[in-house]
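Morning, everyone. Please bring it up on your screens.

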Amino acid sequence: VTIALAIFDQLCAGMEAAHAVRAPGPVVHRDLKPDNVLVREAADGAAVKIVDFGIAQLGGRNGTRTGAMMGTPLYMAPEQAMGNTAAIGPWTDVFALGVILTEAITLQAQVEEGEPWWGTSLHRGGSVRALLAALGPDVPGAVWDVVATCLKAHGRERFQHAGALRA
């Protein structure tokens with residue numbers, strides 16, 4: 001868990017920088033997943049690089065229409081999976097970060113086969129924290145508390161950007 005958290009901190013730091021862009025506005029990756037996170041060994045631990053900003057939203061502008069689903073369903077937030085492009089913001093990446101951390105710790109990106117976390121959070125939101133604890137009973141409860149906040153069904157209930165998550 002310690003190594004996963006150290007790598008996750010660097011991942012959050014990278015997304016914190018993207019979310020902090022002021023003009024024209026925050027960069028929202030919209031396709032965060034392990035395949036888009038490169039980790040290499042470094043003298044002081046690991047070095048993390050986030051890649052493939054190909055469908056990123058810049059400053060609230062994007063090239064997609066409402067109802068279009070872009071990204072990788074397993075890591076999507078509910079608003080993204082439902083095609084609600086107007087509701088996408090840095091909190092959308094926070095949801096993906098929660099899924100990534102869950103997978104890094106438990107080696108599972110979903111609670112059950114065929115149900116991504118966005119579906120779980122919409123349909124069983126009140127039990128997400130308990131489901132996380134069942135996946136990783138040896139993980140400190142405080143870690144699952146943070147992840148459960150990342151996996152809230154509504155963006156306004158999540159950490160609003162990667163900097164807030166990192167803090």
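Buried means under 20% relative accessible area, exposed means over 50%, and partly exposed is in between, with a 1.4 Å probe and protein chains only. Now the ground rules. This is a predicted model, where local features need pLDDT of at least 70, side-chain atom pairs count only at pLDDT 80 or more, and totals for chains, interfaces and linings use all residues. Residues are numbered from 1 along each chain as its sequence is written, and side-chain values use heavy atoms, with hydrogens and water left out.

Cysteines. Cys 12 is buried, at 1% relative accessibility. Cys 150 is buried too, with a relative accessible area of 1%. A disulfide here is a pair of cysteine sulfur atoms within 2.5 Å. How many disulfides does that rule give? The count is 0. Why? The closest cysteine sulfur to that of Cys 12 is in Cys 150, 7.4 Å away, so the gap is too far for a bond.

Next, the pocket. The search runs on a 1 Å grid over the protein atoms alone; a pocket is an open set of points where a 1.4 Å probe fits, with protein on both sides within 12 Å along at least five of seven lines, and lining residues have an atom within 4 Å of a point. Points are joined across faces, edges and corners, and the volume is the space filled by probe spheres set on them. The largest pocket holds about 170 Å³. Two or more lining residues come from each of helix 1 (2-19), strand 2 (37-42) and helix 3 (90-106). Helices (H or I, at least four residues) and strands (E, at least two) are DSSP runs, numbered from the N terminus. Helix 1 gives the most, with 4 residues. The lining includes Phe 8, Leu 11, Val 39 and Glu 103.

Now the core. A nonpolar core is a set of buried Ala, Val, Leu, Ile, Met, Phe, Trp, Tyr and Cys residues joined through side-chain atoms within 4.5 Å. The largest one has 40 residues, and Leu 11, Leu 97 and Trp 117 are among those with the most contacts inside it. Which element supplies the largest share? Helix 3 does, with 8 residues.

Contact means heavy atoms within 4.5 Å. Leaving out residues up to four places away in sequence, Leu 97 touches Phe 8, Leu 11, Cys 12, Leu 32, Ala 162 and Leu 165.

Last stop: Glu 79, in helix 2 (residues 78-81). Glu 79 is buried, at 8% relative accessible area.
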